[in-house]
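Hi everyone, thanks for making time.

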Amino acid sequence: MEETGRDRDIEGRARNARPRDGLGRPLPYGAPGVERQPEGVVRTPEETVREAQRLLDAGMPFHAHEVFEDAWKSGPVAERELWRGLAQLAVGLTHAARGNATGGARLLRRGAAALAKFAGARPYGIGVEGLIGWAGELAGRVEAADSAAGGGAVRGGVRGRPVDAIAEAPCLRPPAR
């Protein structure tokens with residue numbers, strides 16, 4: 001931390017150094033947390049998909065979103081919408097796992113819409129059509145559960161019913177038919 005009490009990186013940019021949990025929520029300073037994803041890592045598309053799937057399977061969709069975000073920012077312009085859409089799906093799952101039904105459903109649908117132009121293709125083996133279906137189905141279930149629970153009532157700081165991030169993790173590369 002610097003003199004002003006704000007966390008800064010070595011280049012002086014604001015960076016929150018608080019530890020995070022598996023869903024990316026900040027924890028108190030000194031609490032044990034989950035290792036943060038390094039930012040700005042340039043990976044091959046193969047490495048990106050493999051690392052993101054590992055994180056999704058571990059129940060860490062927030063961290064998977066950061067992997068996709070690196071690809072979105074460093075990849076070719078023609079692929080940015082693919083990686084941005086995948087990042088939005090991961091953030092949508094993050095919000096749903098945190099109990100934010102409205103934000104989760106909105107981001108799942110936004111990510112699915114971004115992926116729509118890749119439907120019919122399997123870029124890097126990614127099952128785009130399956131992910132679009134998964135996102136719409138999960139968004140509907142999250143909203144229905146929230147509505148049944150009283151429509152956004154806040155209980156213990158959490159809106160709605162959180163989903164299990166591991167159980168709901170999508171398969172980015174389904175087996176070819």
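**How the helices pack**

Let's start with a pair: α3 passes α4 in a left-handed crossing, meaning that the near helix is turned anticlockwise from the far one by less than a right angle, where clockwise would be right-handed. Before I go on, this is a predicted model, where local features need pLDDT of at least 70, side-chain atom pairs count only at pLDDT 80 or more, and totals for chains, interfaces and linings use all residues. Residues are numbered from 1 along each chain as its sequence is written, and side-chain values use heavy atoms, with hydrogens and water left out.

Back to our pair. Helix α3, residues 80-98, packs against α4 at an angle of about 160°, and the two axes are 7 Å apart. Axes here are lines fitted to C-alpha atoms, for helices over the stretch in contact, with angles from 0 to 180 degrees between N-to-C directions. That makes α3 roughly antiparallel to α4; the cut-offs are under 35 degrees for roughly parallel, over 145 for roughly antiparallel, 65 to 115 for roughly perpendicular, and oblique for the rest.

Who touches whom? On the α3 side, the residues in contact include L82, L86, L89 and L93, and on the α4 side they include G103, G104, L107 and L108. Contact means heavy atoms within 4.5 Å. By class, this contact of α3 with α4 has 11 nonpolar, seven polar and three charged residues. For the classes, Ala, Val, Leu, Ile, Met, Phe, Trp, Tyr, Cys and Pro are nonpolar, Asp, Glu, Lys and Arg are charged, and the others, Gly among them, are polar.

Now the next pair. The axes of α3 and α5 come within 11 Å and cross at roughly 25°, so these helices are roughly parallel to each other. Their crossing is left-handed. L86, L89, L93 and A96 of α3 meet L131, W134, A135, L138 and V142 of α5. What classes of residue make up the contact of α3 with α5? Nine nonpolar, no polar and no charged residues.

**The whole chain**

Stepping back, the chain has five helices and two strands, in the order α-α-α-α-α-β-β along the sequence. Those are DSSP runs numbered from the N terminus: H or I, at least four residues, for helices, and E, at least two, for strands. Of the 177 residues, 43% are buried; buried is under 20% relative accessible area, exposed is over 50%, and partly exposed is in between, with a 1.4 Å probe and protein chains only. Among contacts between residues at least 6 apart in sequence, 57% join residues at least 24 apart.

First up, H63, in helix α2, residues 61-74. Is H63 buried or exposed? H63 is buried, with a relative accessible area of 2%. Leaving out residues up to four places away in sequence, H63 touches D21, G22, G24, V34, E35, R36, Q37 and L55.

Then R25, in the segment before α1 (45-57). R25 is partly exposed, at 33% relative accessibility. Apart from its neighbours within four places in sequence, R25 is in contact with P19, R20 and R98. R25 and T94 are 69 residues apart in sequence, yet 9.8 Å apart in space, C-alpha to C-alpha.

Last, Y124, which sits in the loop between α4 (101-115) and α5 (128-148). Y124 has a positive phi of about 60°, although it is not a glycine. Y124 is partly exposed, with 33% relative accessibility.
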